[in-house]
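Reader: I've got this one open on my screen and I'd like a close look at a single part of it. Please pick one stretch, walk me along it, and spell out your cut-offs as you go.

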Amino acid sequence: MKAKEVREMSIADLRDRIEVEKSNLDTMKVNHSISPLEDTSKIAKARKDIARMITILAEKEKQN
């Protein structure tokens, strides 16, 4: 998800989306520990997306 798309979301939507993405990341990690994934870049991309959303959420909360 690009930063531009994240910035267009409301604070409540961002919080909800972060929780969903964290849950998906946890699921991917568990699946990877059971049977290793061939493409681990999906896990890295999910982590970066979550970090991006958290950063933008903090910026929006600071503005309000």
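Author: Let's start with what counts as a helix: helices (H or I, at least four residues) and strands (E, at least two) are DSSP runs, numbered from the N terminus. Before we go on, a word on the ground rules. This is a predicted model, where local features need pLDDT of at least 70 and side-chain atom pairs count only at pLDDT 80 or more, while totals for chains, interfaces and linings use all residues. Numbering runs from 1 along each chain as its sequence is written, and side-chain values use heavy atoms, with hydrogens and water left out.

First, the setting. The protein has three helices and zero strands, in the order α-α-α from the N terminus on. Its C-alpha trace spans about 45 × 15 × 15 Å along the principal axes. Of the 64 residues, 22% count as buried; buried means under 20% relative accessible area, exposed over 50%, and partly exposed in between (1.4 Å probe, protein chains only).

Helix 2 takes in residues 11-34.

Now, which residues of helix 2 are tucked away? L14, I18, E21 and L25 are buried. An α-helix has 3.6 residues a turn, so residues three or four places apart point the same way. The buried residues of helix 2 pack against helix 1 and helix 3, where contact means heavy atoms within 4.5 Å.

How do the two helices lie against each other? Two packed helices are described by the angle between their axes and the distance between the axes. Axes here are lines fitted to C-alpha atoms, for helices over the stretch in contact, with angles from 0 to 180 degrees between N-to-C directions. Helix 2 and helix 3 pack at about 160°, with their axes 10 Å apart. Angles under 35 degrees count as roughly parallel, over 145 as roughly antiparallel, 65 to 115 as roughly perpendicular and the rest as oblique, so helix 2 and helix 3 are roughly antiparallel. Their crossing is left-handed, meaning the near helix is turned anticlockwise from the far one by less than a right angle (clockwise would be right-handed).

I18 touches M53, I54 and L57. I18 is also one of seven residues in the largest nonpolar core, along with V6, M9, L14, M53, I56 and L57. A nonpolar core is a set of buried Ala, Val, Leu, Ile, Met, Phe, Trp, Tyr and Cys residues joined through side-chain atoms within 4.5 Å. Helix 2 and helix 3 are the elements that give two or more residues to this core, and helix 3 supplies the largest share, three residues.

Next comes E21. Is E21 buried or exposed? At 16% relative accessibility, E21 counts as buried, and it touches I50 and M53.

Further on, M28 comes out as partly exposed, at 22% relative accessibility. M28 is in contact with L37, K42, I43 and A46. T40 is twelve residues from M28 in sequence, and their C-alpha atoms are 9.4 Å apart.

That brings us back to H32, which counts as partly exposed because its relative accessibility is 28%. H32 touches L37, T40 and I43. By contrast, H32 and N64 are 32 residues apart in sequence and 39 Å apart, C-alpha to C-alpha.

One last number puts this stretch in context. Among contacts in the protein between residues at least 6 apart in sequence, 71% join residues at least 24 apart.
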